[in-house]
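Reader: Could we go through this model together? I would like to ask about individual residues and then about the packing.

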Amino acid sequence: MGFPKNFLWGGATAANQYEGGYLSGGKGLSTLDAITGGSHTQPRLITYQTKDGQKATCTREQALPTGAVGYIDESLYYPSHVATDFYHHYQEDIALFAEMGFKCFRMSIAWSRICPKGTKEVNEEGLAFYDRVFDELLRYGIEPVVTINHFDIPMYLADEYDGWSNREVIDLFLFFCETIFKRYQKKVKYWMTFNEINFLRSWTQIGIHNNDKQTKYQAAHHLFVASAKAVQLGHSINPNVKIGMMVAYIPSYPMSCKPEDVMAAVQFNREQEFYMDVQAKGYYPAHKLKEFEREGVTIVKEAEDDQIIQAGTVDYIGFSYYMSTVSAADPKEVKYVGGNQMPAVKNPYLKESEWGWAVDPLGLRIALCKIYDRYNMPLFIVENGFGAVDQVAQDGTIDDDYRIDYFQQHIAAMKLAIEEDGVDLLGYTPWGCIDLVSAGTGEMKKRYGFIYVDCDDQGQGTLKRSKKKSFDWYRQVIATNGEDLSNY
């Protein structure tokens, strides 16, 4: 049995963390271009300017004042500006991916590279860049898996439209979608609409200035409508493409068998399932509508919105899996450890990474079972990986056995989910297959890749690419279609 013969082994990246070239080739500014670097203990900051011209900063999770606009302070370091420079190294990098045997490569298209302001103005030079990237991938037989929007929005739409709180952005997003669907219809078979849609919640990701529940859920509704319309649009242009959604999935276990803890876990898991329910089932779940009633949230809809969401359900569910967490009814009973997009509760039965992420391979099988049992549609693990500080030895070697160990266990769990649980799994694209900037902390030292990039937390370095020990290990895994997971 084992993995299907057409299983899509590969790796995953995002434009704002990897591509660089932030003003090259006619690209406009995105919100992520105004986010500084940070660390595990120092938050990343938004640099902005108020209506009266005052320069200020706030954390990525804080709300910007009404009318504030992002700006670039040339004295500060912004990781997205160069990142690890795929823009100038794409041929070299794709050759390395091909050497590992990649069947697919998950990447994102920078909206502001195609439509510099996010409006209906197209930058041909940006389109031509992605043509070259897709042609290079296809030359090696690597399928592009493209995330349409990954964690940012053109800065003009954030500053002038208040981002996704404004319904007009739906139409502008669909113009962007139509442009790339038509341009790349013969080159891209797999698309995803929004990356980790359940983590889109502030100016950083969706351009909103007010972070209250009303604004965030109204923006989420606009995202749902935009995703559904994009699915219908993509299928009308090329009926053979597969268009999925993408959610960050962190299964939560009850702290104990106390019914109150079990209910706390149900409520935690519902927050992720809500986003999948709308995009995969085509309607808002009853518990979320009741929550809106209790909390005074009123979603403003147009007459056809519910029908659009029902008609635009996705072809597959893509998700990220890095860790699990724990839920308890009494917050005094839990201990929090570090996390990336959210704090996580310590599980006494699991070890954590240096950044506080619980290492739980069985949790991946549990996640696959839970999602597949609930939705009964193809799944795609589009992010999974181990962030760590890698040491380069004097002879240039990088022995990352800890990363190999992590992948061995998680791939074994995937195999059991396929063989014993009957999960329909399309593929696996480990996150940061080549070193890139951490989304959560803006660091480079938190590395995920099979390929090392010489760059530090201040953006200093040669950007030279080097193979880690895990490079050859993953090549062996792909060559044997997941049968040989042994180290050597």
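Reader: To begin, in which helix is L138 found?

Author: L138 is found in helix α4, residues 124–139; helices are DSSP runs of H or I with at least four residues, strands are runs of E with at least two, and both are numbered from the N terminus. Please note that this is a predicted model, in which local features need pLDDT of at least 70, side-chain atom pairs count only at pLDDT 80 or more, and totals for chains, interfaces and linings use all residues. Residues are numbered from 1 along each chain as its sequence is written, and side-chain values use heavy atoms, with hydrogens and water left out.

Reader: Is L138 buried, partly exposed or exposed?

Author: L138 is partly exposed, because its relative accessible area is 35%; buried means under 20%, exposed over 50%, and partly exposed in between, with a 1.4 Å probe and protein chains only.

Reader: And what does L138 touch?

Author: Not counting residues up to four places away in sequence, L138 touches P144 and K187, where contact means heavy atoms within 4.5 Å.

Reader: Now R44. Where is R44 found?

Author: R44 is in the loop between α1 (15–19) and β2 (45–49). R44 counts as buried because its relative accessible area is 5%.

Reader: Which backbone oxygen does the side chain of R44 reach at 3.0 Å?

Author: That is the backbone oxygen of A439. A polar atom of the R44 side chain also lies 2.8 Å from the backbone oxygen of T36. These are polar contacts: pairs of N or O atoms within 3.5 Å, where within protein one must be able to donate a hydrogen and the other to accept it, and residues adjacent in sequence count only if both atoms are side-chain atoms.

Reader: What about T179, buried or exposed?

Author: T179 counts as buried, because its relative accessibility is 15%. T179 lies in helix α6 (residues 168–183), and its side chain reaches the backbone oxygen of F175 at 2.8 Å. Leaving aside neighbours within four places in sequence, T179 is in contact with I114, V122 and L127.

Reader: Changing topic: how many residues has the largest nonpolar core?

Author: The largest nonpolar core has 147 residues, and those with the most contacts inside it are F97, W164, W191 and F319. Such a core is a set of buried Ala, Val, Leu, Ile, Met, Phe, Trp, Tyr and Cys residues joined through side-chain atoms within 4.5 Å. Helix α8 gives the most to this core, with twelve residues. Apart from it lies another core, of nine residues, among them L8, V145, M192 and F380.

Reader: At what angle do the axes of α8 and α9 cross?

Author: The axes of α8 (residues 213–237) and α9 (residues 259–281) cross at roughly 35° and come within 10 Å. Y217, A220, F224 and S227 of α8 make the contact with E271, F274, Y275, V278 and Q279 of α9.

Reader: Lastly, what is the phi of E196?

Author: Phi of E196 is near 40°, a positive value in a residue other than glycine. Most residues other than glycine have a negative phi. E196 lies in the loop between β7 (190–194) and α7 (203–206), and E196 is buried, with a relative accessible area of 5%.

Reader: Where is N481 found?

Author: N481 is in the segment after α14 (469–479), and N481 has a positive phi of about 50° although it is not a glycine.

Notes. Axes fitted to C-alpha atoms, helices over the stretch in contact; angles between N-to-C directions.
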